[in-house]
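Biologist: I am new to structures like this one. Please put it on the screen, and then take me through one part slowly.

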Amino acid sequence: MKRPASAPAMLRKAGSHLHLLMAVPALLLFGFFFILPLTRGIWLSLTDWNGVSKASFVGLQNFVDFFRDPRALHDVLITVLFALGSAPLLNLFGLAYALVLDHEFRGRNLVRTIVYLPAIISPLIMGYIWYFILQPQRGVLWQIATSVNPAFSGGNWLAGPRGALVVLILVNVWQYVGMTMVVYLAGLQSISSEVIEACAIDGAGYFQTLRHVVLPILLSSSVKINVITNIIGSLSVFDVIMALTEGGPGYGTESLSIYIMRMCYGSFTGYSTAVALVLFVIVLIPVLISLGFFRSAEFEA
Amino acid sequence: MKRRNSVLVRAAAALMGITSAVPFIVLLRIALSTPAGMSSGRALAVPEFQIANFARAWELSRMGVAIMNSLAITASALVTLVVCAAAAGYAIARFPGKFHLAVLNVFLFSMMIPGIINTVPLYTLMRRIGGINSRWAMALVLAANALPFSVFLYANFIKSMSREIEESAIVDGCTWFSAFWRITFPLLKPVTAAVVIVNGLGIWNNYAQAVFFLQKPAVRTIPLAVSMFFQQYGARWNMMAAAATIGAAPAVAVFILFQKQFIKGLASGALKG
């Protein structure tokens, strides 16, 4: 008994216009705690508000200030470099991990669990754990390195801004590789074994099958999800940097989201909302570009 | 993509497991050491077992209060989120009019906006409504942040569900709302699980918003309590590590208990998205 055409009409009759109310709680909640601050933030970004006294309109001055502030531009660079390091590495390792753990062997589930475990823990706590490992003198890695070779004793992974950034990227990749892996595993499992067997019958090797069959299938599902979430997540990075370097040395590893918080507390509230809008654009551009890329890739496939 | 019994695969898997496990082992090793046990040159010494560190760190960090706060905020945020998102997703999927299409588009667009962008104006709003240091306000903020993705998941899932059971319930005299509540909602379990797992983790671990909105010790969540403790007891690594272990333990315990659902929920949540 199939009546697809009459279904909405029937549902509608049964509830008259009540259905229009169903989205209302979500809209109210979202409107008040998301849309309202968003629009207010756009207004505040055009003022010189310091968080206490009355705000006055300054036009685009905050944005002009932003692009003239070397610290702000430096933080853009750090944020972008962090994302450029994190997102590709996360996808590369996530895929490699998934390919290995897609094989059947004893202990596979245990390894999957352990690999996923770091992603469960707050990035803040994770940052502190890595601090115990990487800190010079008392840090575990430092102690091991110097016991192997005393020449390491002058080494400090977090002292230079470049080195610290690399460490932050690696810690982030280490923590979230399980997350990307799970998404790739789900993608791999959605590929029917017949397709893979057909490739084997045609004489395709492992890497040939991977490149010409598996990756194109993954592209529209797993890769897309991972790339988009990694772009958004890594461009708004906050916790791991706060825990490991607090943006230091100086502001050498300060990301834009940390800059926003410091400016807000530093009574440059209006300015900090302007920075937030800049960050939004920085997130939006690569997201839209990759969405466009995946759309055209889907058409080709 | 399966090639069985390769030694290479097992070696790679072992390496992955060890890489992920080592920092946890280091954490426990430090948490169980005496104050002198982690000083320079002792990292490779015989491990100590100062279980009492945990009791002391628990007391000093007031982690009990923080765990209760994290529980209260996460639970109320998730209940609000699931009720609002399921209802909105249902309306969007089953009554695709202009209004609901607009609602969906608003949510889709907002998915691209990271929460941190809203934090400053939200802070001024919260101050005005007395929402600073309020667990309720914090829960509502976090629920609102998680809405776009959750509404999207529910709408997609409900679209793929057959209408027939709902219809027959209506034919049998059910109102449309009770058809949703009694028939459809229980069938949404897989999405609800995905929504709860994906967002629950983010809400439980939230720090970037909490550091703005929860300032009094009485309302502190776990990440805040841990970071405060670190600022106070920076030099006492064994205490710090013990506090971090306690802070991480609830999430790890829940993950190990509900592993299967976790992985499944995450994967289905991600792939539907």
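How many helices and how many strands does the secondary structure of chain B come to? Then please look closely at one thing: which residues are linked in a network of salt bridges?

Modeller: Chain B comes to 13 helices and zero strands. Helices (H or I, at least four residues) and strands (E, at least two) are DSSP runs, numbered from the N terminus.

First, some ground rules. This is a predicted model, in which local features need pLDDT of at least 70 and side-chain atom pairs count only at pLDDT 80 or more, while totals for chains, interfaces and linings use all residues. Residues are numbered from 1 along each chain as its sequence is written, chains are lettered from A and ligands numbered from 1 in the order in which they are written, and side-chain values use heavy atoms, with hydrogens and water left out.

Now chain B as a whole. Its C-alpha atoms fill a box of roughly 75 × 60 × 35 Å along the principal axes. Chain B has 273 residues, and 56% of them count as buried. Buried means under 20% relative accessible area, exposed means over 50%, and partly exposed lies in between (1.4 Å probe, protein chains only). Take helix H9, residues 189-204 of chain B. Its buried residues include B:Val191, B:Ile197 and B:Trp204. The expected span is 1.5 Å times one less than the number of residues.

Next, the salt bridges. A salt bridge is a side-chain nitrogen of Lys or Arg within 4 Å of a carboxyl oxygen of Asp or Glu. Side chains of opposite charge can pair when their charged atoms come close. A search of the whole structure finds three salt bridges over all chains.

Here is your network: A:Arg71, A:Glu254 and A:Arg262 are linked. Start with A:Arg71 and A:Glu254, whose closest N and O atoms are 2.8 Å apart. A:Arg71 lies in helix H5 (residues 70-101) of chain A, and A:Glu254 in the loop between helix H12 (239-244) and helix H13 (256-265), so the pair ties together parts 183 residues apart in sequence. A:Glu254 also forms a salt bridge with A:Arg262, again with the closest N and O atoms 2.8 Å apart.

How open are these residues? A:Glu254 is buried, with a relative accessible area of 0%. A:Arg71 is partly exposed at 21%, and A:Arg262 is partly exposed at 26%.

Stay with A:Arg71 for a moment. At the start of H5(A), a side-chain oxygen of A:Asp69 comes within 3.0 Å of the backbone nitrogen of A:Arg71. H5(A) has 32 residues and reaches 45 Å from first C-alpha to last, close to the 46 Å expected.

Another salt bridge is in chain B. B:Glu59 and B:Arg56 meet at 3.5 Å, N to O. Both lie in helix H2 (residues 52-61) of chain B, three residues apart, about one turn of the helix. An α-helix has 3.6 residues a turn, so residues three or four places apart point the same way. B:Glu59 counts as exposed at 57%, while B:Arg56 is partly exposed at 38%.

What about the place where the chains meet? The contact (heavy atoms within 4.5 Å) takes 103 residues from chain B and 107 residues from chain A. The area buried between them is about 9500 Å², and carbon and sulfur atoms give 78% of it. Buried area is the accessible area (1.4 Å probe) that two parts lose on being put together, summed over both. Across this interface the rule finds zero salt bridges. It does find seven residue pairs in polar contact, both residues at pLDDT 80 or more. Helix H1 (residues 7-31) of chain B gives the largest share of the chain B side, 14 residues. By class, that side has 72 nonpolar, 19 polar and twelve charged residues. Ala, Val, Leu, Ile, Met, Phe, Trp, Tyr, Cys and Pro count as nonpolar, Asp, Glu, Lys and Arg as charged, and the others, Gly among them, as polar. A polar contact is a pair of N or O atoms within 3.5 Å; within protein, one must be able to donate a hydrogen and the other to accept it, and residues adjacent in sequence count only if both atoms are side-chain atoms.
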